[in-house]
Amino acid sequence: MLLSSVAERVYWFARYLERVENTARMILVNNNLLLDMPRNSTLGWAPIVSITGIADKFYETHKEANERNVMRFLVMDAANQSCMLCSLAHARENLRTSRAIFPRAVWETLNDLFAYAKENKLSVLTRRGRYHFMQHVIDSCHLISGKLSASMSHDQIYEFVRMGRNIERADMTSRVIDVRAENLLPKHDEELKPFDDIQWKSVLDSLAGYQMYRRYVHVRVRGVEVLRYLLQDIYFPRAIHHCFNQAEQCLRNLPMNEAPQYALVKAQRLIRNAKVENIVHTDLNEFINQLQLAIIEINSELTSTYFEGKEVSPALYYSLPRELATA
């Protein structure tokens, strides 16, 4: 049978890996956005710190959210347990302690990525080195995901990988929408109004969604349409509705799924019933707060159901090496 501790490590391995990729992409996109904006724009690097949800911790040790401070904090600061190096270390440790149930190629690729990040972390302090570092991290995360999909049995253990990945994606998408939209709504600086399209494009780029947006929406980049796409599209992998649907499919293949599935259904209903044209200029922050609480509830139900010392399912025994199944 699958130990709850093993299920938890698999779930959090996927979440930490997804977090690393998301952070790398946000840094890369913000770097490119600032090159397109006027020099006197007030966007800077502070929004990236806000997206992570730990701005308070950042300002405990830094007076200013300048480029160098933010890079150190998000990439290598040990005080920030969500920084890229810490997240990679957490993902690696979770994989190491359950590597017998994963393809060896996944373990080797993650090790290579972790070694690369440790060796080249200081390169992010220069803009030229930052691009190559972040692109290598993103490509390596995609490679790991591809190896998992192509060479790991798509059994119930794999469902915990998919679950972790999609919950983390939904969480990050909601954070990007919340912070970026706060800077982009019309009540802000009129001097930046001509750059609205560029900024909304950066929101899509932060989630690797610009080309797919243009393919399916067929209109220029506009705030309402971008938000509707990122909240309610059922095909784009980082749209919140799609992430919740994927999580629901995972839960259908897991035992004892009533409580987490109930929390997930409430979150799906919140997304489906959202009137984007009404909330975009007035109630967006309140809506995102409700969405964040819904995601927290889903994670809480998953934790209490599967990770708190319970045997997940006797049917999973065949998927585990005997030494792990009897540990």
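1. Contact here means heavy atoms within 4.5 Å. By that rule, and leaving aside neighbours within four places in sequence, Phe-244 is in contact with Ala-170, Leu-264, Ala-267, Gln-268, Ile-271, Leu-291, Ile-295 and Ile-298.

2. This is a predicted model, in which local features need pLDDT of at least 70, side-chain atom pairs count only at pLDDT 80 or more, and totals for chains, interfaces and linings use all residues. Residues are numbered from 1 along each chain as its sequence is written, and side-chain values use heavy atoms, with hydrogens and water left out.

3. The protein has 16 helices and 0 strands. Both are DSSP runs numbered from the N terminus: helices are H or I with at least four residues, strands E with at least two. Take the contacts between residues at least 6 apart in sequence: 68% of them join residues at least 24 apart.

4. Of the 327 residues, 54% are buried. Buried means under 20% relative accessible area, exposed over 50%, and partly exposed in between (1.4 Å probe, protein chains only). The protein exposes about 14,800 Å², with carbon and sulfur atoms supplying 49% of it. Areas come from the Shrake-Rupley method with a 1.4 Å probe; for residues, only the protein chains shown count as cover.

5. Which residues touch the most other members of the largest nonpolar core? They are Phe-13 and Phe-244, in a core of 105 residues. Helix H1 (residues 4-36) gives the most to this core, with 15 residues. A nonpolar core is a set of buried Ala, Val, Leu, Ile, Met, Phe, Trp, Tyr and Cys residues joined through side-chain atoms within 4.5 Å.

6. Now the aromatic pairs. Rings of Phe, Tyr and Trp (its six-membered ring) pair if their centres lie within 6.5 Å; planes under 30 degrees apart count as stacked, over 60 as edge-to-face and the rest as tilted. The count comes to 12 pairs. Tyr-11 and Trp-12 are edge-to-face, because their ring centres are 5.5 Å apart and their planes stand at 90 degrees. Phe-58 and Tyr-59 are also edge-to-face, with centres 5.0 Å apart and planes at 85 degrees. Phe-58 is buried, at 0% relative accessible area, whereas Tyr-59 is partly exposed at 41%.

7. Tyr-11 is buried, at 1% relative accessibility. Tyr-11 also belongs to one aromatic cluster with Trp-12, Tyr-16, Phe-160, Tyr-306 and Phe-307.

8. Two charges deserve a look. A charge sits over a ring if NZ of Lys or CZ of Arg is within 6 Å of the ring centre and within 35 degrees of the ring normal. Arg-99 lies over the face of Trp-107, 5.8 Å from the ring centre. Lys-201 has its charged end over the ring of Tyr-210, 4.7 Å from its centre.
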